[in-house]
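Here is a short briefing for a first look. It covers confidence, a core and a pocket.

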Amino acid sequence: MPKLREIIRSPRAWRIGVGVLVVGAALVVLQRFIDVDAVHAYADRQNAAVVFSLLTVLPLVGFPVSVLHIAAGIRFGFGLGMALVTLSIFLQLLASYALVRMWPNGFARRLAKVRARLPSAAHGTICLFTLLLPGVPFFIQNYTLAMIRVPFRTYLMYCLPLHTLRSVVTVGLGQQSGHFTPGGLAALGAYWGLVLVASWLAYRRLQRQLEDRPAGAGGRTQPA
């Protein structure tokens with residue numbers, strides 16, 4: 001099982017595992033010192049339109065999207081929270097694409113380091129590679145793909161489902177925050193860890209495939 005050996009030997013996989021354990025332990029500790037019911041009551045009093053507006057706008061300027069998705073789970077619950085998060089991601093993708101088209105030089109200077117890490121590949125492949133690239137925040141992924149002129153249809157087809165899938169964990173975390181149990185935390189941590197490891201393995205496989213391609217086989221201007 002080469003994939004299992006790769007996971008065991010990888011420092012990144014170990015960091016992911018430790019990170020999941022730390023987050024789970026932190027949630028248990030925080031629950032002892034924070035009045036979670038009061039947090040939920042406060043969230044319920046907030047205007048839904050204002051919360052949705054902040055959920056949509058703040059990631060465009062770099063606010064951590066995971067924090068906002070947890071807040072959406074607290075305020076709206078899982079079902080409605082996921083619907084609104086999906087809509088917010090769609091609007092963020094539209095806005096990101098439009099902003100890059102309006103101010104290309106400004107984004108090119110700020111995203112040069114990320115762009116330099118991207119290989120030559122067809123549009124669909126480069127979308128997947130960028131979305132799986134470790135350590136790249138949500139808003140930078142969106143701006144970078146728009147900057148390298150990925151067609152909007154391809155951009156939306158890859159970004160919307162992958163961003164939405166990742167948000168399932170954080171929205172669920174917010175929704176469950178009022179009644180954590182050790183078993184629930186363990187299940188959530190295991191699911192989160194599996195998502196992260198699966199993303200990392202997909203990235204590594206894609207990276208190897210791109211490295212093995214013959215010279216001249218790819219190019220950022222190729223169709224998806």
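Helices are DSSP runs of at least four residues, numbered from the N terminus. The model is predicted. By that numbering, H5 gives the most to the lining of the second largest pocket, with 7 residues.

**Second largest pocket**
- This pocket holds about 300 Å³ of space.
- Its lining has 15 residues, and Ala43, Val51, Ala71, Ala72 and Arg75 are the closest to the centre.
- Helix H3 (36-45), H4 and H5 each supply at least two lining residues.
- By type, the lining has 13 nonpolar residues, 1 polar and 1 charged.

**Largest nonpolar core**
- The core counts 39 residues, and those touching the most other members are Phe129, Leu145, Ile148, Val150 and Tyr155.
- Several helices supply at least two core residues each, including H4 (48-57), H5 (65-76), H9 (123-132) and H12 (182-212).
- H6 provides the largest share of this core, 7 residues.
- In soluble globular proteins, nonpolar side chains tend to be buried together.
- Leu145 touches Ile126, Cys127, Thr130, Leu131, Val150, Tyr155 and Cys159, leaving aside residues up to four places away in sequence.

**Confidence**
- Mean pLDDT for the protein chain is 79, and 69% of its residues reach 70 or more.
- Among the chain's elements, H6 has the highest mean pLDDT (96), and helix H1 (residues 2-9) has the lowest (52).
- Residues 215-221 stay under 50 in pLDDT, and the model gives them 14 contacts beyond four places in sequence.

Notes. Residues are numbered from 1 along each chain as its sequence is written. This is a predicted model: local features need pLDDT of at least 70, side-chain atom pairs count only at pLDDT 80 or more; totals for chains, interfaces and linings use all residues. Side-chain values use heavy atoms; hydrogens and water are left out. A nonpolar core is a set of buried Ala, Val, Leu, Ile, Met, Phe, Trp, Tyr and Cys residues joined through side-chain atoms within 4.5 Å. Buried means under 20% relative accessible area, exposed over 50%, partly exposed in between (1.4 Å probe, protein chains only). Contact means heavy atoms within 4.5 Å. On a 1 Å grid over the protein atoms alone, a cavity is a set of points where a 1.4 Å probe fits but cannot get out, and a pocket is an open set with protein on both sides within 12 Å along at least five of seven lines; lining residues have an atom within 4 Å of a point. Grid points are joined across faces, edges and corners, and a volume is the space filled by probe spheres set on the points. Ala, Val, Leu, Ile, Met, Phe, Trp, Tyr, Cys and Pro count as nonpolar, Asp, Glu, Lys and Arg as charged, and the others, Gly among them, as polar. pLDDT is the predictor's confidence in each residue, from 0 to 100.
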